[in-house]
Amino acid sequence: DAAILEAAGKLHAVVWDKTGTLTVGQHTLAGRHALAKGPLAGDPDRLLQIAAAVEAPSEHPLARAIVRAAGTVATAASDFVMHAGHGVSATIDGTTVRIGTEAFTGTVNAELISWATAEAAAGRTPLFVSMNGEPAGALSLADTVRPESAAAIRALAALGIESWIVSGDRQEVVKSTARELGIPLERARGGILPGGKGEAIAEIRRNVSGAVAMVGDGVNDAPALAAADVGIAMGGGTEIAIDASAATLSGADPRGVPLLVDLSRATTRIIKQNLAWAFGYNILLVPLAAGLMLPTFGIGLDPALAAAAMGGSSVTVVLNALRLRRLPLERGGLA
């Protein structure tokens, strides 16, 4: 709406979600590591099958990647529970299986932690697996940064707008993505739970002393999209994210964000030009048309000419506003 279009031109910072926003969101299985002395006795194939059975009911991109990698899920799981920001759990043959973060699965195994740390440093997302509270292994999943993301970050920087990343992914993974996109590492925040994203927006707003936008596509992004001055949902994102946002890109191209700023600033600039023209025009011609300058200066304006001039003023304002059609919005996924 008009208020959001105006606010977009006053942004000081844009906060990006990582998965599905700056990245493609199509994860692939990159690695698997089963503990030799764990419940699965070093069997990586069984580790993948167990993980796929637990993740089968989930619609999360990481879960979908695990299920795709496993192919046919032969093992049945029950009592599936999603723990937002932490992981998932289910029961298989009476065994409670947890998949998710180190803390959620209770993983304190040095071998697994070392493996996961190396995977995260390489930009891959590790997930730990435990069975009845005992560490069993870990999986890692890789995602690809969108080829347009770096261009979007550079375009915002050229407009004087900072870019930040706030993600629920591990800090090492988020820093790897920030490094690839040229975002300063101090602006990369990982390990943020869904409820904490709104607080992160408030903190960043204080740091930049100005308006902040949030760009996301998932259910976990909804609190931050609602908390931001301008919430922007990626096209193809979840309905909850779209409902919580103030603007929605028609595609998944992040370059639409700087173009939204361009559109906002151009619209505001043309509104000011039209107001200046209308006020100046009326201040000059209304006294002439009213004959106020006839007694002193002998200058007047024929009523017919005044009517024509008024029509000319309206045409000028419309033609100036139509210059917005020259903005190349089709390149950024807004058109």
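Ser-264 is buried, at a relative accessible area of 0%; buried means under 20% relative accessible area, exposed over 50%, and partly exposed in between, with a 1.4 Å probe and protein chains only. Ser-264 sits in helix α12, residues 256-289. Helices here are DSSP runs of H or I with at least four residues, strands are runs of E with at least two, and both are numbered from the N terminus. Leaving out residues up to four places away in sequence, Ser-264 touches Leu-5, Glu-6, Ala-8 and Gly-9, where contact means heavy atoms within 4.5 Å.

A word on the source. This is a predicted model, in which local features need pLDDT of at least 70 and side-chain atom pairs count only at pLDDT 80 or more, while totals for chains, interfaces and linings use all residues. Residues are numbered from 1 along each chain as its sequence is written, and side-chain values use heavy atoms, with hydrogens and water left out.

Now the sheet. It is open, has 6 strands in the order β2-β7-β6-β5-β4-β3, and its pairing is antiparallel. Its edge strands are β2 and β3 (78-83), each of which pairs on one side only. On average, neighbouring strands of this sheet are turned by 20° against each other, direction ignored. Two strands pair if DSSP finds at least two bridges between them.

I will stay with strand β7, residues 134-142. Of its 9 residues, 7 are buried, so β7 is largely enclosed by the rest of the structure. On one pairing, β7 meets β2 (residues 28-34) in the antiparallel sense over 6 bridges. There, Arg-32 stands opposite Leu-139 of β7, and His-33 has Ala-138 of β7 as its bridge partner. β7 also runs antiparallel to β6 (residues 125-131), joined by 7 bridges, with Ser-140 in β7 as the bridge partner of Pro-126. The hairpin of β6 and β7 has 2 residues between the strands, and Asn-132 in this hairpin takes a positive phi near 55°.

What lies across these strands? Helix α4, residues 61-70, lies across β2, β6 and β7, and runs at about 95° to β7. Axes are lines fitted to C-alpha atoms, for helices over the stretch in contact, and angles run from 0 to 180 degrees between N-to-C directions. The buried residues of α4 are Leu-62, Ala-63, Ala-65, Ile-66, Val-67 and Ala-70. Their cover includes β2, α3, β6 and β7.

Pro-61 also belongs to α4, and at 31% relative accessibility Pro-61 counts as partly exposed. Neighbours within four places in sequence aside, Pro-61 is in contact with Gly-25 and His-27. After α4 comes Gly-71, with a positive phi near 75°.

That leaves the helix pair. α3 (residues 44-55) packs on α4 at an angle of about 130°, with the axes 9 Å apart. That makes α3 oblique to α4; angles under 35 degrees count as roughly parallel, over 145 as roughly antiparallel, 65 to 115 as roughly perpendicular, and the rest as oblique. From α3, the contact is made by Leu-48, Gln-49, Ala-51, Ala-52 and Glu-55, and from α4 by Ala-63, Arg-64, Ile-66, Val-67, Ala-69 and Ala-70. By class, this contact has 8 nonpolar, 1 polar and 2 charged residues. Nonpolar covers Ala, Val, Leu, Ile, Met, Phe, Trp, Tyr, Cys and Pro, charged covers Asp, Glu, Lys and Arg, and the others, Gly among them, count as polar.
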